[in-house]
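Reader: I am new to this structure. Could you walk me through how to read a few of its features?

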Amino acid sequence: MNNKGFTLIEVIVTIAIMGIITGIAYGSITSLQTRNKNKRYQVYEQVLVTGAKLYVDQYSRDMWDDENDNTCYVIGYNTLVANNLIQAYNQTGEVINTDNTKVYVKRSNSSASYYPYLEVGKYKTDLSSININDCQNYS
């Protein structure tokens, strides 16, 4: 008898091995995509902080009365974009929540700390470690 092909068992085993490899690769690829998105969001959070620092440099005299004033302010995303301090977030298929994206600026002992809050799709910055309840809108 002349055998010129694969048996059914050989084909099934090959397809099963390809399925396992595909499953492993798919999981790795989606994990990599999620990490890359999160990294992109973290980079944009730093862009927000840089814009807020520029804003504070311009308006700090109006924001705080003196060196002992420790008022916490909120600088909104729209304010930073309107003052040309940052570029608008522009990623295809991702929508930033412009109303909730902001930077909290807390001042103590005449130095300011910046806490960005970014909301894009399902991503939200975790600010649970700081108290932002006493912050006032400045923009």
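Author: Gladly! Let us begin with contact, which means heavy atoms within 4.5 Å. Keep in mind that this is a predicted model.

Reader: Which residues touch Lys102, not counting residues up to four places away in sequence?

Author: Lys102 touches Val74, Ile75, Gly76, Tyr77, Tyr115, Pro116 and Tyr117. Lys102 itself sits in strand 2, which runs over residues 102-108.

Reader: Which side chain of opposite charge is nearest to Lys102, and how far away is it?

Author: A salt bridge needs a side-chain nitrogen of Lys or Arg within 4 Å of a carboxyl oxygen of Asp or Glu. For Lys102, the nearest side chain of opposite charge is Glu119, 7.7 Å away. Lys102 has no salt bridge, yet this residue is buried.

Reader: Thanks! What does a disulfide join here?

Author: In general, a disulfide is a covalent bond between the sulfur atoms of two cysteines. Here the count comes to one disulfide, and it joins Cys72 to Cys135, with 1.8 Å from S to S. Cys72 belongs to strand 1 (residues 72-76) and Cys135 to strand 6 (residues 135-137), so the pair ties together parts that are 63 residues apart in sequence. The torsion about the S-S bond of Cys72 and Cys135 is about 60°, so this disulfide is right-handed.

Reader: Are Cys72 and Cys135 buried or exposed?

Author: Both Cys72 and Cys135 are buried.

Reader: And which residues form a nonpolar patch on the surface?

Author: Ile9, Val13, Ile17 and Ile21 do, together having about 390 Å² of accessible area. Take Ile21, found in helix 1 (residues 8-63). Exposed means over 50% relative accessible area, so Ile21, at 54% relative accessibility, counts as exposed.

Notes:
Residues are numbered from 1 along each chain as its sequence is written. This is a predicted model: local features need pLDDT of at least 70, side-chain atom pairs count only at pLDDT 80 or more; totals for chains, interfaces and linings use all residues. Side-chain values use heavy atoms; hydrogens and water are left out. Patches are made of residues with over 30% relative accessible area and no salt bridge: like charges are joined within 9 Å, nonpolar side chains (Val, Leu, Ile, Met, Phe, Trp, Tyr) within 5 Å. Accessible areas come from the Shrake-Rupley method with a 1.4 Å probe; for residues, only the protein chains shown count as cover. Helices (H or I, at least four residues) and strands (E, at least two) are DSSP runs, numbered from the N terminus. Buried means under 20% relative accessible area, exposed over 50%, partly exposed in between (1.4 Å probe, protein chains only). A disulfide is a pair of cysteine sulfur atoms within 2.5 Å. Lys and Arg count as positive and Asp and Glu as negative; His and the chain ends are not counted.
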